[in-house]
Amino acid sequence: MLRLLFYFCGVNIHQKYILRSIELGKKGLGTTAPNPMVGCVIVHNEKIVGEGFTSPYGGPHAEVNAINSVQDKGLLNEATLYVTLEPCSHFGKTPPCADLIIKNNIPEVVIGIKDPHDKVAGKGIEKLEAAGCKVTVGVLEDECRNHLKRFLTFQEKKRPYIILKWAETEDGFIAPDPKIRKSNPEPFWISNPYSKQLVHQWRSQEQAILVGTQTVLEDNPKLNTRDWAGKNPIRVVLDKDLKIGSHFYVMDGSVKTLILTQTRDASKYVDGVDYEVIDFAKPVAVQICEVLRKHSITSVLVEGGSRMLQTFIDEDLWDEARIFKAQIFFEKGIIAPHIQAKLQSKQSILSDTLSIYTHD
């Protein structure tokens with residue numbers, strides 16, 4: 001009767017437990033990268049007996065944590081393991097999860113999506129099937145792909161998942177007139193404190209944060225996570241001619257920082273900061289993506305300024321745009337980036353409106 005009830009509700013038993021696996025996987029957001037944030041559920045006689053999600057990078061994978069959470073290991077040889085992503089089949093920071101599943105004689109495995117990583121890519125499924133496991137693949141595939149979008153973008157498109165973020169006034173400006181900034185160099189907040197807190201939550205969820213030279217010179221931002229509990233993103237700064245001095249916050253060594261420059265003279269580099277040289281005569285956004293991939297950065301929050309954001313838009317390299325609109329007017333200033341995309345959602349944050357667009 002319970003099985004029929006789930007079918008009538010539009011969700012079958014396999015979907016039910018993959019949905020739970022997705023919810024578990026979300027607990028790894030911001031800590032597992034560059035590994036994917038996978039969720040896993042172990043079911044015996046339609047009762048969950050074990051759950052797990054990917055530990056912070058370098059730690060056990062979701063399947064390992066789920067199996068370890070099962071109190072009565074004797075149930076495993078009659079259980080079904082549900083997991084959002086194909087179990088790995090190779091040795092990395094940890095042993096292969098497929099081997100552990102086989103070792104524990106789990107007879108059935110249900111997988112959300114196949115892993116596109118070249119070291120897995122069906123090999124985990126093949127290993128399980130060769131050992132006699134019944135394997136089902138492709139349950140709630142769209143939902144799993146959305147959940148694992150950072151990892152999948154990195155593997156399939158060979159670049160990080162790119163989120164553009166900015167706040168603009170009601171009349172379409174991203175910053176005040178430069179003359180005003182000269183007389184008042186303090187950062188000018190367009191969005192309200194609650195929107196600002198949300199941005200800090202986003203910083204804790206993504207692997208890196210990216211800004212241009214002028215943003216640092218004008219605002220001297222820390223680019224860390226302060227108004228939310230969580231890790232700091234890697235700071236990535238575009239600084240063509242190394243105009244940013246060592247007294248700026250981004251150069252203080254408190255957070256891993258990567259500078260992209262055209263200057264090859266290492267004597268001008270600041271100790272404790274990493275540098276990569278790119279060619280500013282060529283498209284910049286694609287080179288930034290190449291550098292981030294080299295550093296195994298699977299997601300980046302692009303925070304500005306307007307020129308940096310528009311560069312990613314013009315080069316057609318972005319996945320989400322998160323735009324705050326505040327009920328204030330500048331009348332003149334720096335015009336906000338222009339974007340044409342599908343509106344995914346809109347919500348009010350007190351006086352601000354947050355619109356999220358996705359790139360098809």
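These legends walk through close-up views of salt bridges and a cavity in a predicted model. Residue numbers start from 1 along each chain as its sequence is written, and side-chain values use heavy atoms, with hydrogens and water left out. Because the model is predicted, local features need pLDDT of at least 70 and side-chain atom pairs count only at pLDDT 80 or more, while totals for chains, interfaces and linings use all residues.

**View 1. Lys 26 and Glu 23 form a salt bridge.** A salt bridge here is a side-chain nitrogen of Lys or Arg within 4 Å of a carboxyl oxygen of Asp or Glu. In this pair the closest N and O atoms are 3.0 Å apart. Lys 26 is partly exposed at 45% relative accessibility, and Glu 23 is partly exposed too, at 41%. (Buried means under 20% relative accessible area, exposed over 50%, and partly exposed in between, with a 1.4 Å probe and protein chains only.) A search of the whole structure turns up 15 salt bridges.

**View 2. Asp 252 meets Arg 235 in a salt bridge.** The N to O distance is 2.9 Å. Arg 235 sits in strand S9 (234-238) and Asp 252 in the loop between S9 and strand S10 (257-261), so the pair ties together parts that are 17 residues apart in sequence. Helices (H or I, at least four residues) and strands (E, at least two) are DSSP runs, numbered from the N terminus. Arg 235 is buried, with 0% relative accessibility, whereas Asp 252 is partly exposed at 42%.

**View 3. Lys 294 and Glu 276 join a helix to a strand.** Their side chains meet in a salt bridge of 3.0 Å, N to O. Lys 294 belongs to helix H11 (residues 284-294) and Glu 276 to strand S11 (residues 274-277), and the two are 18 residues apart. Lys 294 is exposed at 59%, but Glu 276 is buried at 14%.

**View 4. Lys 149, Glu 320 and Arg 322 are linked in a network of salt bridges.** Look for these three side chains together in this view.

**View 5. The structure holds one cavity of 30 Å³ or more.** A cavity is a set of points on a 1 Å grid over the protein atoms alone, where a 1.4 Å probe fits but cannot get out. Grid points are joined across faces, edges and corners, and the volume is the space filled by probe spheres set on the points. For the largest cavity this is about 150 Å³. Its lining has 19 residues, and Thr 32, Ala 33, Asn 35, Arg 150 and Thr 298 lie nearest the centre; lining residues have an atom within 4 Å of a point.

Methods:
1 Å grid on protein atoms, 1.4 Å probe; cavity = no way out; pocket = protein on both sides within 12 Å on 5 of 7 lines; lining within 4 Å.
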